[in-house]
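Here is a friendly briefing to read alongside the model. Please keep the sequence and the 3D view open as you go.

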Amino acid sequence: MENKDEHMDFLDSGVLAPFKKWATKWSLWPVHFVTSCCGVELAHAFGCGYDGERIGALNFGIARQTNFIVVEGTITRKMARALRQVWEQMPDPKFVSVIGACGERGGIFWNGYNIIRPYDVVPVDFFVPGCPSTPEGILRGVRAVQDKLDGKDRTTIEFKNVGLPSEEGKENRVPTTPKIYSPTPAIKVDVRRDADWGTGKELVERLKGELNGLYKSITITGKNRIAIKTTTENVAEIASKMSNGVGIDHVKNVNVIDVPHERKMIVEYMASSYAVKEFMPVLITIFADIRRDECKFPSLTQYWENADYSEREMHEFFGVWFEGNSEMGRKFLLAPDTPEFPLRKDFKLKEEMYAFEEGKVVPSGISAKPATEISELPLPLPEGFLEDAENSDELVVLVGPHHPGSGHARWVVRLKGDIITEVLPDVGYVHRSMEKLAENRLYIQNIPLFERASITDFGNINLGYVRAIENALGIEVPERAKYIRTVIAEVSRISAFFYDSAIAAMMLGHSTGFMYAFALREMIVELVTRMTGARITASFIVPGGVRRDIPADVLETVGNLQSAVQKRWKKFEDIFINNPVTIARLKGTGVLTKEEAIKYGVVGPFLRASGVEYDVRKVEPYEAYDRLNWDVPISDDGDALSRFLVRVEEMKQSLSIIRQAVDALKNMKGGVLSEELLGDYKDASTDIRGYFYRVFGDIVIPKGEWTSITEAARGSLIYSLISDGESNVPYRVRIVTPSWLNLKGYMESLKGSRLADLQALFQTWGYFPPEADR
Amino acid sequence: MIETLINEIRSSMAENRVDIPLLEPLLKPVLTAPLIGDLVAFLLWRPILAFLFLFTCMMLVSVFLVWWERKAAARIQWRVGPREVSRQIGGLIQPVADGLRYMFQEVIVHRDADKFYFIQIPILAFIPFLLPLLFVNAGNLVPIETPYGIPLMLALIGLLPVMIVAVGWASNNRFGFIGAIREAFMYFAYEVPFIISVIAMLVLYGTANPVEIVKEQGIWWGILRNPIAALVFLITAAMATSRLPFEIPEADQEIAFGPNVEYSGIMFGLVMMMAYEKAFILGCMMTILFLGGGTGPAIPMLGDLSGALWFLIKTLIVLMLLTAFCRAVYPRYRLDQALSAGWSSMLSLALIALLISVILGVVM
């Protein structure tokens, strides 16, 4: 990287210079290397709405045959090596364009512990701003490089001065409220609360009978929430009794809370049941304190197999040693140069400054030079894995992180002939330290942060967090807002499904299916723009309601969605889903039986495809779902095709939900924000603009743990907020995304499939790496 | 002695000169010029011109097909495809820009490669790709006329997968290796039905001489006489050229272009063109066997080139259908599914085609 203009000098030299420049200009092929969530907008830019191929840019599979990298957003420490490697593998002359705010100074993740700046890794020709960048912006990035080749200088953007109207005499506040941290926060996971839960007492009595003498206390912490306090000695026995006797068959969440001033950590398992109907909506938290200096806890993987990945994650974040889990002591999500145990409270992040704190130097969040040697990136292999494979005449193939069909992850595939015997996931390439960042932001500031975890499913991931806050504050949301939120959540579910079906088509080599699905998604995006003002990251749902009311004409458009989608969906169905080749590829591959699906803790439509009738919207209804008429599609096959078809049916149900909700909204009056929360600012009840921080800046939620479970597009989404009741920032936020929970099922369904099925199954599992890695 | 030989050659070249009435007034003064005359006469010598014609067509058609594949797929996919590079002609020169860009890019020979073979095979592979052209008859133009034309072409086409396997092997990359194995498996899948479908047509025509075959067909083209053989030929041709839904050896989402994974710059250009060149050869065979070769309404102005033009148009239509339709409509089969298709449905269809030919050609 001594001479950053080496590639331009080469093109400028010699007699053939004009030809070289002309050919390179019209043949900037971006390498298919998706580094983060801006990849969704990149797909739009090269999909049929914007068609990047028009200007000669063909998204192409691998580094060797391309000359252009579009770095999509955040580069984590782990991805930095892959980025450098891909860049070095490309033949000269090569160009780099960075899109997204995180690619410039870290964007919303600016002070994260796992983030680096792309321009420390590769020389950059052009930056495209935006979070995420729009497709127009991405194509402008390509054009800017073309202009650079023409010798036109467009390195700077001329900004226009626009006079913003401001009312005289109105106070101008600093944008955000200062953060208040309690010095000695009181952390209590099992705060007793009276809840309107009829059968709760009976369940507790039953649990008390089953677990006689093993627990310290059993508390009802809210509707459908039970906390069992125990000790490290008894926890394994409790797990054994719960999994065998009571029928609690899977773990939804493993969480650790670091409490340094009490020299302890709290380890909690959130378990639930798919088999026993009365336990379906119930989340049972089993927790125990451990000493901070010798953090050891018995692993519960032998009772609940799907706790494995979460235990490994917690081990990395907090250094808790789960005794009995064979993967302890090895890296999973994080890179070797990521700070050790980053989620412990004594690891501090840099903080932002306020307008009134003049004279202070604004810190740059990212300081250290990244390690870029690929050799430093260890393989996540158990000891003797390679030797064992060699001895049994098997081939180990690394698929990813730069591979046309890997997503932002690396799959270590062990092959016997063409049959996969085992796949080990190497994930964390998009781990952007959301849980740690959330501990340093106001409750309200976390909404856009979490939304970035899954920008394809922006509505649900937003709704889940907001519901946790509302639950804690005990706010009742106005009826109109409930319906609007239902519409947004369902639109988001459809858009996530279109994204997944597009990628599923792509992975089977069906580019027409990809284009058709993205055309459909473009329609949804347009709708979201009209409703909320943003293409895919709306942050529209806020505690107490939604940001502003949706006007009647826009509602009319939303109501027409059903017929508009159905017409075009028919074409996609004809060319892709009913295609004999697609059916041949998907039918009977990657089968998970009902028992297996429950054992591996699969969630969402993928669970329903295996025959388990579980949908959070039915089991524990929220928003307006219990007042609308819809069905839960279920299949018993458990193969890739049924996983796909269940989501197709679900999409059709979503369209019907939207139709019904819009019809109901037409005859509904009233504000869209809870008056209880607005307090003095009643004017804001239909539009929060102008009052945002006055209303939301100082939210402090009561002491205890607040867990919300939401049915996102790809399955159950769990937010667990732990508050001390004094600070206006969360003490700890645990988010468990559906893709993360589905990872185990995906890995297990691959066993016994063929190598080509790795990609065929990839998106029928809806695996979205930024969502899984958070 | 030498003079008589030269004169003999000259008279032979004059006798076998290609007849193009359109160019005749232009050629007359040139041919009488001393040295240039001989050169032009040599170029216009029937076998030489036939080969040059086919070779040029192969190159142009390959480049055109790259554009066509992208453009046609784009239209089916509700977008415009390559365009801005030359707006008036719909981005037709896009492959030229891409080719030129490849030409100027660095050629990387990675550390693990088997360097000797890695570099020479894409260049060497050109020869087996040219050889089958020697037996193609484009209308009246035929480089070498032999009664063994079709069997020779079959044998030479059988050589081509070896080149692709060698490319994958020399890359010494796991995906290249898997791609090479897949190519070998695919060869087993398509070759037997492919050869049987060709044999069926040879039985029907009672000759293996391409020129005779075309004469034999007249207006009753092979595709009308034995449509099943044509279908088998078309599908196996798609398998042989790794077109979707049989794009298995070079599946980019699965094994990152398989054998081509490590090639860069102009070397990748050469490797990538292999598939298109093979498609051209198979398209020529298709035209000869099923579409009546270069027969068509004669254009007197073009003389001998008239048949060649018809031949080219037919081949082009076959290739355009094959590339655009399959790519836009089908996803990809799995290797085992392609193998079982080759050995079950394709093989039985090919045998049925053979039976039809025996009944039509021998019994009746």
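Contact here means heavy atoms within 4.5 Å. By that rule, the contact between the two chains takes 53 residues from chain B and 62 residues from chain A. This is a predicted model, in which local features need pLDDT of at least 70 and side-chain atom pairs count only at pLDDT 80 or more, while totals for chains, interfaces and linings use all residues. Residues are numbered from 1 along each chain as its sequence is written, chains are lettered from A and ligands numbered from 1 in the order in which they are written, and side-chain values use heavy atoms, with hydrogens and water left out.

**The interface**

- Chain B and chain A bury about 5200 Å² between them, and carbon and sulfur atoms give 60% of that; buried area is the accessible area (1.4 Å probe) that two parts lose on being put together, summed over both.
- Of the area that chain B buries against chain A, 15% is supplied by B:W78, B:F104 and B:Q253, more than by any other three residues.
- Six salt bridges cross the interface, each a side-chain nitrogen of Lys or Arg within 4 Å of a carboxyl oxygen of Asp or Glu.
- A:E53 and B:R70 form a salt bridge, with their closest N and O atoms 2.7 Å apart.
- Helices (H or I, at least four residues) and strands (E, at least two) are DSSP runs, numbered from the N terminus.
- Elements giving two or more residues to the side of chain B that touches chain A include α4 (46–76), α10 (174–205) and α17 (335–363) of chain B.
- α5(B) provides the largest share of that side, seven residues.

**A nonpolar patch on chain B**

- B:L22, B:L23, B:L26, B:I299, B:M301, B:L309, B:I313, B:I317 and B:L321 make a nonpolar surface patch of about 780 Å².
- Patch members have over 30% relative accessible area and no salt bridge, with nonpolar side chains (Val, Leu, Ile, Met, Phe, Trp, Tyr) joined within 5 Å.
- α16(B) gives the largest share of the patch, four residues, whereas B:I299 sits in the loop between α15 and α16 of chain B.

**Backbone details in chain A**

- Most residues other than glycine have a negative phi, and most peptide bonds are trans.
- A:C131 and A:P132 are joined by a cis peptide bond, with omega about -5 degrees; A:P132 lies in the loop between β5 (126–128) and α6 (135–150) of chain A.
- A:D51 has a positive phi near 55 degrees, and its place is the loop between α3 (39–46) and β1 (68–72) of chain A.

**Around A:Q653**

- A:Q653 belongs to helix α22 (residues 640–666) of chain A.
- Not counting residues up to four places away in sequence, A:Q653 touches A:W630, A:D631 and A:P633.

Note on methods:
Patches are made of residues with over 30% relative accessible area and no salt bridge: like charges are joined within 9 Å, nonpolar side chains (Val, Leu, Ile, Met, Phe, Trp, Tyr) within 5 Å. Accessible areas come from the Shrake-Rupley method with a 1.4 Å probe; for residues, only the protein chains shown count as cover.
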